[in-house]
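Let's walk through a two-chain model together, starting with how the chains meet and ending at a single residue. Have the structure open while you read.

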Amino acid sequence: MLKNYLKEKKKINFNEFTIIFITIAAFIFLSINKSQTFFDYGNIYSLIYAVSIQFFSIVGLTFLLIMGEIDLSIGSTFGLVGAITGYCILNLGLPVWLGISIAMLAAILIGLINGFFIVKLKVNPIIMTLGMMILLRGVLIAFTTALGGATYTSTFRAIARYKIFNVHITIIIMFLAIIIIQFLLNKHTFFKKLYYVGENLNSSNIYGIKTVWVKIIMYVTCSFTAGIAGILSASRIAVTMPDTGEGLEFKMITAAVLGGASIYGGSGSVLKSVLGLLFLALVLNGMVMFNINPDWQQTVTGVILVIAITIDTKLNKEN
Amino acid sequence: MVMLLDLQDISKTFGPVKALDSVTFSVNKGEIHTILGENGAGKTTLMKIISGNIKPDKGEIIFDGSKINKSNPRIMKEIGVAIVYQELSIFENLTVYENIFPESDFKNKIGLIDKHKMEKEAQKKLKLFDLDIDPEEKVENLPLAEQQIIEILRAISYDPKLLILDEPTSALKKKEVEKLFNIITKLKNSGLSILYISHHLSEVLQISDRITILKDGAYVKTLQRNEVKAEDQLINLMVGRNIENLYGKKKYSLRKDRKIFMKVKNLGKENLFKNINFDLYEREILGIYGLQGSGRLDLMKLIFGLDSFDEGYIEINNNKFKNITPNKAIDNGIVYLNENRKDGGLFFNMTACENIVCPVLENIFKNKLIDREKMNNITRSLIEKFNIKIPDVNSKPKQLSGGNKQKLMAAICFGINPLCLIANEPTRGIDVGAKADIHRFLKDIANEGAGIILISSELPEIISLSDKVLVMKNYKIAGKLIGEQIIEEKIVTLAAGSKNKNKQLE
């Protein structure tokens with residue numbers, strides 16, 4: 001009895017904490033082998049800072065994955081929101097706060113359109129958001145042409161550079177956000193519904209969960225959080241290029257699935273998604289340390305995605 | 001009597017589950033031998049072993065005097081075993097004769113199929129059983145019973161020695177069952193052995209020569225038909241105990257002080273329903289019976305809001321609803337106990353307590369934060385109340401047996417303190433003990449004041465539990481029966497649509 005219990009427990013623990021182990025393992029591996037270049041405050045800090053800029057875009061995506069939904073348009077949304085903000089400030093001469101507000105409204109609109117087509121008109125989420133990804137990329141290119149590669153104003157650039165006690169505010173916000181969101185995911189009745197919906201849509205309906213609304217709200221949330229990340233990134237990089245945010249969606253899906261979110265729905269956690277993101281950052285950083293040609297980064301991310309999804313399928317689809 | 005099939009010590013395990021444990025029994029030539037047992041007794045596994053679909057772990061099969069060393073469906077068919085499964089496997093858009101001889105060699109000189117000859121042969125077969133069916137008719141145009149008969153004719157077209165019939169009457173009306181039994185008897189008289197699987201006791205007693213009872217994968221007993229004096233005798237052997245009141249007829253008592261809980265008025269949906277009217281009182285069990293395709297399920301979906309209606313309204317506790325959603329229904333105390341446990345009933349990979357609190361999250365956690373302690377306590381008390389065998393509150397439903405899954409679903413529904421429970425096939429595919437528990441639960445909550453709509457395809461269940469019965473046919477309410485009127489003949493007559501209509505009462 002006890003033996004069985006321990007066995008069961010062990011199995012669960014392994015699945016639940018795999019991402020923590022492999023992240024720590026990657027960290028230790030790099031610290032030992034590249035103690036000079038990797039195990040350096042500056043390097044590790046800038047790695048975490050980079051994660052904190054993109055962090056928000058994985059929040060909404062994780063919510064969607066928990067429900068068994070997906071959004072491939074977050075990379076384009078990420079780029080477009082930055083470009084709209086820049087356009088409002090530079091080309092229209094609007095104040096920074098107004099530019100950000102307009103861009104975020106655009107993000108909300110994108111989420112509403114995604115949600116409406118997927119939930120109300122029952123369009124396949126992958127195809128719908130793939131279409132949205134291409135469509136928004138087109139709009140983004142138009143905006144970047146209008147911007148002509150101009151550098152954003154210093155007031156806008158200051159946002160991602162703002163520091164408290166010599167720590168970037170984005171890092172502080174990330175840690176606070178993880179704690180709050182993870183608490184809500186574990187405890188709050190509304191966020192609990194994401195797991196019910198992802199585990200079984202028909203059962204959720206029968207027990208009175210307003211699945212249509214929960215889904216639409218989460219599509220909007222996903223675009224919204226991708227937009228926040230887009231604004232922080234635009235503020236940090238100071239310019240939006242036609243390819244800004246390209247491939248972000250797959251990087252984020254890879255990270256979330258590494259963190260235990262299932263593309264089949266029913267599981268996922270923001271904390272672990274971020275750990276997945278950190279792991280990916282460590283791998284890419286490590287490749288630089290070992291002087292591997294950066295051209296291979298995309299290939300490696302792809303390989304990790306395929307491995308992660310295969311494991312996810314073995315673990316979650318077959319039972 | 002000459003033995004045709006002899007099984008010795010047949011055992012089969014699937015993982016940790018012992019499906020068959022040293023089963024020994026035999027079938028004689030020219031007899032109808034019934035295998036009786038509850039779900040999970042091992043009937044299906046036994047059939048699959050005889051038909052060659054599953055290999056036994058242990059034991060011997062002797063067929064027609066020779067030992068079977070190697071078996072697969074092809075071999076078994078060649079030596080003379082034919083099987084007709086519960087689910088029909090006919091080709092609906094082919095004709096009767098094409099269905100009767102699906103792999104025949106009616107070839108003419110140049111190797112093409114000789115349809116004319118096939119048709120003639122089919123006609124002969126049909127005549128043999130006094131069947132008035134046109135061999136050129138497409139099978140989809142035939143009533144279900146005749147489709148079933150075509151399926152049997154196909155099975156015997158290979159001249160088998162043993163015919164296995166797996167629950168052949170489950171979709172048939174009473175008259176059709178008679179027709180089928182006539183054919184089975186004729187087949188028997190022609191020297192064929194028949195292995196008959198069923199859990200309809202009355203049918204079993206009507207047709208069998210011998211009855212073998214299985215329980216939990218083990219052989220219990222073989223009885224001659226004339227040894228069986230009453231159905232209870234068989235029930236006792238199947239379950240090893242008396243199930244109180246399972247099929248006992250309850251006394252009807254109309255309480256005078258009852259109120260109407262729900263009024264369904266002129267409900268309609270384009271191309272489906274028109275003018276559906278009925279009332280559900282507090283403290284009553286309203287049975288809804290109808291054959292497959294009668295619309296009973298679609299009607300319940302409209303009432304619970306899983307589908308929308310476009311005419312009429314539903315009045316719940318004096319509030320009119322022109323449209324309704326499951327969410328609104330639950331807010332008004334109506335809950336739906338679905339027939340499908342896997343999809344639309346439980347969350348298989350979530351814990352028992354997460355399952356239990358799903359419909360009541362916002363009601364029990366007023367400040368929107370989940371209190372684990374409270375959740376566990378609620379779950380524990382419900383597990384106890386419903387007698388659910390589960391390791392602990394964090395176990396997942398996928399680990400439970402069918403009966404315990406069903407009880408867990410009942411517990412979820414009960415957790416919202418329902419004023420009305422729509423129970424859709426609440427005992428489908430569960431063992432007799434769990435069935436009795438569910439029946440007790442339905443009676444209990446009706447006594448406590450709830451109105452229950454019971455949809456079931458099992459007549460004994462409808463008859464023994466309902467205060468009132470609505471019989472549906474062709475998406476209409478064909479009739480309403482109350483109290484003493486609730487007897488098998490009347491329900492079946494209404495459902496099968498005979499012309500002298502019962503008067504609507506109340």
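## Where the chains meet

Between chain B and chain A the count is 2 salt bridges, a salt bridge being a side-chain nitrogen of Lys or Arg within 4 Å of a carboxyl oxygen of Asp or Glu. One to look up is A:Lys193 with B:Glu362, whose closest N and O atoms are 3.1 Å apart. There are also 15 residue pairs in polar contact between chain B and chain A, both residues at pLDDT 80 or more. A polar contact here is a pair of N or O atoms within 3.5 Å; within protein, one must be able to donate a hydrogen and the other to accept it, and residues adjacent in sequence count only if both atoms are side-chain atoms.

On the chain B side, α10 (326-331), α11 (352-357), α12 (361-364) and α14 (402-415) each supply at least two residues that touch chain A. The most comes from α10(B), with 3 residues. By type, that side of chain B divides into 18 nonpolar, 6 polar and 6 charged residues (Ala, Val, Leu, Ile, Met, Phe, Trp, Tyr, Cys and Pro count as nonpolar, Asp, Glu, Lys and Arg as charged, and the others, Gly among them, as polar).

## Ground rules

This is a predicted model: local features need pLDDT of at least 70, side-chain atom pairs count only at pLDDT 80 or more, and totals for chains, interfaces and linings use all residues. Residues are numbered from 1 along each chain as its sequence is written, chains are lettered from A and ligands numbered from 1 in the order in which they are written, and side-chain values use heavy atoms, with hydrogens and water left out.

## Chain A overall

Chain A has 14 helices and 2 strands, taken as DSSP runs numbered from the N terminus (helices H or I, at least four residues; strands E, at least two). Of its 319 residues, 49% count as buried, meaning under 20% relative accessible area with a 1.4 Å probe, protein chains only. Its C-alpha atoms fill a box of roughly 70 × 55 × 35 Å along the principal axes.

## A closer look at A:Ser76

A:Ser76 sits in helix α4 (residues 74-90) of chain A. Is A:Ser76 buried or exposed? It counts as buried, because its relative accessibility is 1%. A polar atom of the A:Ser76 side chain lies 2.8 Å from the backbone oxygen of A:Met133. Leaving aside neighbours within four places in sequence, A:Ser76 is in contact (heavy atoms within 4.5 Å) with A:Met133, A:Leu136, A:Arg137, A:Gly245 and A:Glu249.

Key
Buried < 20%, exposed > 50% of the residue type's maximum accessible area, 1.4 Å probe, protein only.
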